[in-house]
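The sequence and structure are shown first.

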Amino acid sequence: MRSFRRRPGRPPGLAAALLAGAALLGPVPAAAAAVAPCPGLNRITVPGAEKQISACLTDLTTAATVASGHSVAADFVGLTSAGAKNPTGVPGAQIDGYFPDSSTFNTAHGWNHDSQFVIRLPEHWNGGLVVAGTPGVRRQYANDYAISDWVLARGYAYAATDKGNSGATFYQDGVRPGDALVEWNTRVTQLTRAAKAVVAQRYGRAPRRTYAAGISNGGYLVRWQLENHPELYTGGVDWEGTLWREQGPNLLDFLPPALREYPKYAATGDAAAHDAIIAAGFAPGSEPLWDYHAKVYWDLTQRIYREELDPSYDGAAEAGTPFCAPGTPACDADYDYASRPRAVHRAVGRIALTGRIGRPLITLHGTLDTLLPITEDSDVYDELIRARGRDRLHRYYRIEGGNHVDGLYDAQPGLLRPILPCFRDAFEALEGWTTRGEAPPADATIPRPATGDLANSCSLTG
């Protein structure tokens, strides 16, 4: 998509580092990082790619690829808890590259080119493919620790995309409001089709099953793909996907009240401010997480998505402080999505979800998600699916104590629990559902265990 600059943005800071991944991947990995060429690897062509490079590696997991330059740890910082354990030692081939695009936010490999992708092809293939879109506004390696390592060890080929633009100024891509987010969906579709063709070239046959998987914005992409391109997938796992609805709720509804009321609550413990944050959708019991989210996530998230969908709403908050005083003209803390012009709602409508899924979907959402509150997101999406008569294709598990990013478990181990092991249990349930006809457990709130290795164990049966 054509890139243009709508307006100067604020420096990204800590929140952007967490959303986008702080470090930049260096030049194309040297040949010394690879082993002897995999048979036929140089004959594989990624359909539609403008550039691709290939390497045959002794280990496709992050245990080796971070050191060899075939992944970057900063891209997945904070997404998993420190205690999460991953498999290692998966030999195979990796293809990095990009599709034609005119925007240049992604500087990985020194390419300065968006629509970058990574495709990994394990030596011992199980006949399947997993496709992932990245969370937040991170790049193509963001799911490497949370998803890629584990599915590769199970024998799946794996593919991921940067969604066509990345970083805290992603909204500068596109021409019309919403263009940058629309591109996210088309890039995942594009990569899925290309990765299927690559798998067929590498192994001599197309994948028997193709799953979509993702966290946060990646979960949104799973939802959208299963609604709009079910023919490409066998099923999907949606880990706290973002909900966009033209009439709401969406994050432009519930983040401004938190921005407006939190300074009063933080300063004085104001009960009315507290109750207003709860009324916006944030869960009782999540209060210990509010300060972190106020400093890192709420303001930045509101600002960059409002910039994308409602760029005409500019004002005093652009230049400076994380929070605006109540009543400040054109301040995001006073933003009121419901009263914005029809054009803004139409922009959201371009990326809206309907609930009309066409393939089996498992949704996971933490009850203490303090960025995308569960009652304003996955609870609503589950209702949309039911209203469309598609609930036979859906399982929904509310993870007690789950938060939006597992990394916060390390700071709040007595309050939270990581969702990663529940994702893995859900993926196994999806495999059984789609290959053997074994129905997953019924929808449920999965209780938080009082003891045990919460970083590595979860059962959807409770």
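## Helix H8

Of the 20 residues of H8, 17 are buried, so this helix is largely enclosed by the rest of the structure. Helix H8 spans residues 290–309 and is not straight: at Tyr297 there is a bend of about 40 degrees.

## Packing of H3 and H11

Helix H3 covers residues 144–153 and helix H11 covers residues 420–435. Their axes come within 11 Å and cross at roughly 40 degrees. The crossing of H3 and H11 is right-handed.

On the H3 side, the residues in contact are Tyr145, Ala146, Ile147, Trp150 and Val151. Their counterparts in H11 are Leu420, Phe423, Arg424, Phe427 and Glu428. Sorted by type, the residues of this contact comprise eight nonpolar, two charged and no polar ones.

The peptide bond between Gly248 and Pro249 is cis, with omega at about 0 degrees.

Glu240 is found in the loop between S7 and H6 as well. Its phi is near 55 degrees, a positive value in a residue other than glycine. Is Glu240 buried or exposed? With a relative accessibility of 0%, Glu240 falls under the 20% cut-off and therefore counts as buried.

## Ser115

Another loop, between strand S2 (92–98) and strand S3 (116–122), holds Ser115. Here too phi is positive in a residue other than glycine, with a value near 65 degrees for Ser115. The relative accessibility of Ser115 is 1%, so this residue counts as buried.

## Confidence

Averaged over the chain, pLDDT is 91, and 88% of the residues score at least 70. Residues 1–18 have pLDDT below 50, and the model gives this stretch 59 contacts beyond near neighbours in sequence. Over residues 20–26 pLDDT also stays under 50. For residues 20–26 the model has 29 contacts beyond four places in sequence.

Where pLDDT is low, the predicted coordinates should not be read in detail. The stretches with pLDDT under 50 include residues 1–18 and residues 20–26.

How values were computed. Residues are numbered from 1 along each chain as its sequence is written. This is a predicted model: local features need pLDDT of at least 70, side-chain atom pairs count only at pLDDT 80 or more; totals for chains, interfaces and linings use all residues. Side-chain values use heavy atoms; hydrogens and water are left out. Axes are lines fitted to C-alpha atoms, for helices over the stretch in contact, and angles run from 0 to 180 degrees between N-to-C directions. Helices (H or I, at least four residues) and strands (E, at least two) are DSSP runs, numbered from the N terminus. A crossing is left-handed if the near helix is turned anticlockwise from the far one by less than a right angle, and right-handed if clockwise. Contact means heavy atoms within 4.5 Å. Ala, Val, Leu, Ile, Met, Phe, Trp, Tyr, Cys and Pro count as nonpolar, Asp, Glu, Lys and Arg as charged, and the others, Gly among them, as polar. The bend at a residue is the angle between axes fitted to the seven residues ending there and the seven starting there. Buried means under 20% relative accessible area, exposed over 50%, partly exposed in between (1.4 Å probe, protein chains only). pLDDT is the predictor's confidence in each residue, from 0 to 100.
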